[in-house]
Number of protein chains: 2
Amino acid sequence: MDVLTAMDLLKKNGFKYTDKRRDLLQLFSDEKRYLSAKEVQDSLKENYPGLSFDTIYRNLSTFSELDILEETELEGEKKFRFTCPTKEHHHHLICLKCGKTKEINACPMENITTDLSDFQVTGHKFEIYGVCQVCVS
Amino acid sequence: MDVLTAMDLLKKNGFKYTDKRRDLLQLFSDEKRYLSAKEVQDSLKENYPGLSFDTIYRNLSTFSELDILEETELEGEKKFRFTCPTKEHHHHLICLKCGKTKEINACPMENITTDLSDFQVTGHKFEIYGVCQVCVS
DNA sequence: CAAGCAATAGTAACGATTACGATTTATATT
DNA sequence: AATATAAATCGTAATCGTTACTATTGCTTG
């Protein structure tokens, strides 16, 4: 995923081109880690001092639905990151301090021996948490 | 985990015996599934119409710290269930409608081939979500 | 360049959780 | 049994993250 592809995706789905969206996408493209809405606001407030919550949350939600962003919830807060280049289904090792991630190649669902047939399975979550080398020091 | 063991654990840690705590624990003992604070309030309001948020959240938090309850967060809401009889580390298949669980015997951390050494790993989460047979019909 | 509609700002509302001062209650001590 | 004291609770307010609303702005297309 990159900014241009993302803007094309927006256009293709009837969304409009705005500077805020470009800059928002550029931010995720630069950072490549999980960001909260608050962090987004902080990062963009230099150029857009009055950036509205509505704008931030609505766009993050839109981007997530279009698979431009990957979404998770850490410690009661929604976090978003630019969709990984790895197209296949994957999981993450996540730094709880800065949101930096590392991809985990295996999916635990492949090795389940427990019988799941008495539930209609709709999804799963596997995340490893920690502190990255930069944040630990 | 059962109510008596839990009350003993409380005593042993300097907490007091109250009817509310007993009934709260009895609720979890009866239900054996993930409950939200709101569900707890609803279930107990017959006997304790004015049960305070403070009381509910503080006790849930205390119980969780003493490992009387297992805690997770589903769809932005904290959920608690009586600690499973299985002492060993385990994971859950969870019904998103009623909180009913089924234990998963394997832990994905055992089969990780990805190198984790550039992070100081502090924890992980593996949950399978779905709808149980009762809720699906 | 004007019409139409999406996007946004500013702000209010919301739901879950936490926090607070005043009061009540469990427990240990006398 | 009466009392002291410290914990537990109530009633309510504050907080935090998120969503929703209305008026206004600004993309896009003909």
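In this predicted model, strand β4 (residues 91-95) of chain B is joined to β6(B) by four bridges, and the two strands run parallel. Within this pairing, B:Ile94 stands opposite B:Tyr129 in β6(B). Both strands belong to an open sheet of six strands to which chain A and chain B contribute, in the order β5(A)-β4(A)-β6(A)-β6(B)-β4(B)-β5(B).

**The six-stranded sheet**

- The pairing in the six-stranded sheet is mixed; the parallel pair of β4(B) and β6(B) is one part of it.
- Which strands stand at the edges of this sheet? They are β5 (101-104) of chain A and β5 (101-104) of chain B.
- Each of these edge strands has a single partner strand, so one side of each is left without a neighbour in the sheet.
- From one strand to the next, the twist averages 25°.

**The contact between chain A and chain B**

- Chain A contributes 38 residues to the contact, and chain B contributes 38 residues.
- About 3,000 Å² is buried between chain A and chain B, and 61% of this area lies on carbon and sulfur atoms.
- How many salt bridges does the rule find across the interface of chain A and chain B? It finds two.
- B:Lys102 forms a salt bridge with A:Asp118, in which the closest N and O atoms are 3.3 Å apart.
- A search of the whole structure, over all chains, finds three aromatic pairs.
- One of the aromatic pairs is formed by A:Phe126 and B:Phe126, with 6.0 Å from centre to centre and 80° between the planes.
- Why is this pair described as edge-to-face? The angle between the planes is 80°, and planes over 60 degrees apart count as edge-to-face.
- This pair crosses between the chains, since A:Phe126 lies in strand β6 (residues 119-132) of chain A and B:Phe126 lies in strand β6 (residues 119-132) of chain B.
- Are A:Phe126 and B:Phe126 buried or exposed? Both residues are buried.

**The three-stranded sheet of chain B**

- Three strands of chain B form an open sheet in the order β1-β3-β2, and their pairing is antiparallel.
- The edge strands of this sheet are β1 (35-36) and β2 (69-74) of chain B, each of which pairs on one side only.
- Helix α2 (residues 19-31) of chain B packs on the sheet and touches β1, β2 and β3 of chain B. The direction of the helix makes about 80° with that of β3(B).
- Two bridges join β1(B) to strand β3 (residues 77-82) of chain B, and these strands run antiparallel.
- B:Ser36 stands opposite B:Lys79 in β3(B), while the bridge partner of B:Leu35 in β3(B) is B:Phe80.
- Six bridges join β2(B) to β3(B), which also run antiparallel.
- B:Lys79 in β3(B) has B:Thr72 standing opposite as well as B:Ser36.
- The hairpin of β2(B) and β3(B) has two residues between the strands, and in this hairpin B:Glu75 takes a positive phi near 50°.

**The corresponding strands of chain A**

- Strand β1 (residues 35-36) of chain A is joined by two bridges to strand β3 (residues 77-82) of chain A, and the two run antiparallel.
- Strand β2 (residues 69-74) of chain A pairs with β3(A) in the antiparallel sense over six bridges.
- Which residue of β3(A) stands opposite A:Leu35? The residue is A:Phe80, which is also the bridge partner of A:Glu71.
- Two residues lie between the strands in the hairpin of β2(A) and β3(A), where A:Glu75 takes a positive phi near 50°.

**Chain A as a whole**

- The secondary structure of chain A comprises five helices and six strands.
- Along the sequence, these elements follow the pattern α-α-β-α-α-β-β-β-β-β-α.
- The C-alpha trace of chain A spans about 50 × 45 × 25 Å along its principal axes.
- Of the 137 residues in chain A, 47% are buried.
- Among contacts in chain A with a separation of 6 or more, 50% are between residues 24 or more positions apart.

Notes. Residues numbered from 1 in each chain as written. Chains lettered and ligands numbered in written order. Predicted model: local features only at pLDDT ≥ 70, side-chain atom pairs only at ≥ 80, totals over all residues. Heavy atoms only, no water. Phe/Tyr/Trp six-rings, centres within 6.5 Å; stacked < 30°, edge-to-face > 60°. Buried < 20%, exposed > 50% of the residue type's maximum accessible area, 1.4 Å probe, protein only. Pairing = 2+ DSSP bridges. Contact = heavy atoms within 4.5 Å. Axes fitted to C-alpha atoms, helices over the stretch in contact; angles between N-to-C directions. Buried area = accessible area lost by both parts, 1.4 Å probe. Salt bridge = Lys/Arg side-chain N within 4 Å of Asp/Glu carboxyl O.
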